[in-house]
Amino acid sequence: MSKNLLIALAVLAAALVAPVFVYPVTLMTILCFIVFACSFNLLLGYTGLLCFGHAMFFGSAGYITGWVLKNWGLTPELGILTGALFSAGLGFLVGLVAVKKSGISFAMITFAIAQFVYFILLQSSFTGGEDGMQNIPRAPVLGLIDVTSGFSYYYVVLAITVAAVAFFYRVVHSPFGDILKAIRDNDARVESLGFKPERFKLLALVLSAGLAGLAGGMKATVFQFATLTDVSFPISSEVIIMTLLGGLGTLTGPMVGAGFIIWLNEHLATLGEWALISQGVILLLVIMFLRRGIVGELNAWIRARRAK
């Protein structure tokens with residue numbers, strides 16, 4: 001049995017017993033943001049596309065999930081899947097406009113579209129406006145498993161998160177993932193080999209948006225409400241911090257970054273604006289001293305030790 005598999009099994013075992021010691025809602029929040037950070041990492045870490053409006057996929061999926069659960073009476077897993085598919089479709093529409101650009105142009109286009117989406121959701125009647133969408137129901141999963149308690153629903157969220165991370169791992173370690181990394185490093189050379197970078201960028205954006213929507217749908221069912229906060233720019237900036245803190249272009253980096261930032265927010269919630277200030281200080285320290293992120297620097301240190 002490989003060392004990586006042993007580590008993965010140990011982490012999974014810890015996750016299975018975690019709700020006995022830690023508040024399940026906090027753990028589920030971390031799991032939601034792990035998937036969200038992985039989706040952003042797929043776009044920036046592996047494709048080289050900086051999205052300043054990633055929260056539009058995350059937050060809009062929460063509203064769609066909540067709406068179909070309230071009006072169609074679907075089970076949570078189908079509602080989350082519906083939200084993810086909606087975000088994937090939104091990612092396709094955004095990509096038709098944005099993937100022809102790169103760098104800061106791509107970032108600003110996605111930011112502008114995200115602000116437009118925010119305005120639409122603010123003005124739409126089904127979202128509840130500034131009050132948000134309240135009382136999202138949580139029917140039995142698969143029509144059989146009672147998930148009214150946070151403890152029982154935690155294992156559903158954990159299962160979805162494991163599946164999402166496994167999907168992310170499969171994508172980045174496939175030939176498609178190799179092409180994305182080549183596009184990130186030199187898209188002109190990729191085009192000279194006969195590939196069309198724009199098509200791969202578009203597909204990467206669709207997959208990234210779908211994963212972000214999966215995370216947003218889960219969060220809406222965890223808290224049983226959806227608000228405009230999840231569509232706002234601070235959430236987009238927070239997922240950037242999570243990914244940079246953990247390490248761009250690594251599998252476990254976004255997980256470490258998401259867990260640390262959510263833990264930090266939980267402990268600094270009573271400090272108000274100081275929580276945001278602390279995040280800014282952390283990002284500054286990472287840029288100055290951990291440019292490859294926590295996991296990236298650790299991997300570099302391990303490689304250096306092996307070389308010696």
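Lys201 and Asp187 form a salt bridge, with their closest N and O atoms 3.6 Å apart. Lys201 lies in helix H8 (residues 197-223) and Asp187 in helix H7, so the pair ties together parts that are 14 residues apart in sequence. A salt bridge here is a side-chain nitrogen of Lys or Arg within 4 Å of a carboxyl oxygen of Asp or Glu. Lys201 is buried at 6% relative accessibility, while Asp187 is partly exposed at 32%. Buried means under 20% relative accessible area, exposed over 50%, and partly exposed in between (1.4 Å probe, protein chains only).

This is a predicted model, in which local features need pLDDT of at least 70, side-chain atom pairs count only at pLDDT 80 or more, and totals for chains, interfaces and linings use all residues. Residues are numbered from 1 along each chain as its sequence is written, and side-chain values use heavy atoms, leaving out hydrogens and water.

## Other salt bridges

The count comes to four salt bridges. One of them joins Lys181 and Asp178 at 3.6 Å, N to O. These two residues are three apart in helix H7 (residues 175-192), and therefore separated by about one helical turn. Helices are DSSP runs (H or I, at least four residues), numbered from the N terminus. Lys181 is partly exposed, at 22%, and so is Asp178, at 46%.

Asp185 pairs with Arg184 in another salt bridge, with the closest N and O atoms 3.1 Å apart. Asp185 is exposed at 58% relative accessibility, whereas Arg184 is partly exposed at 35%.
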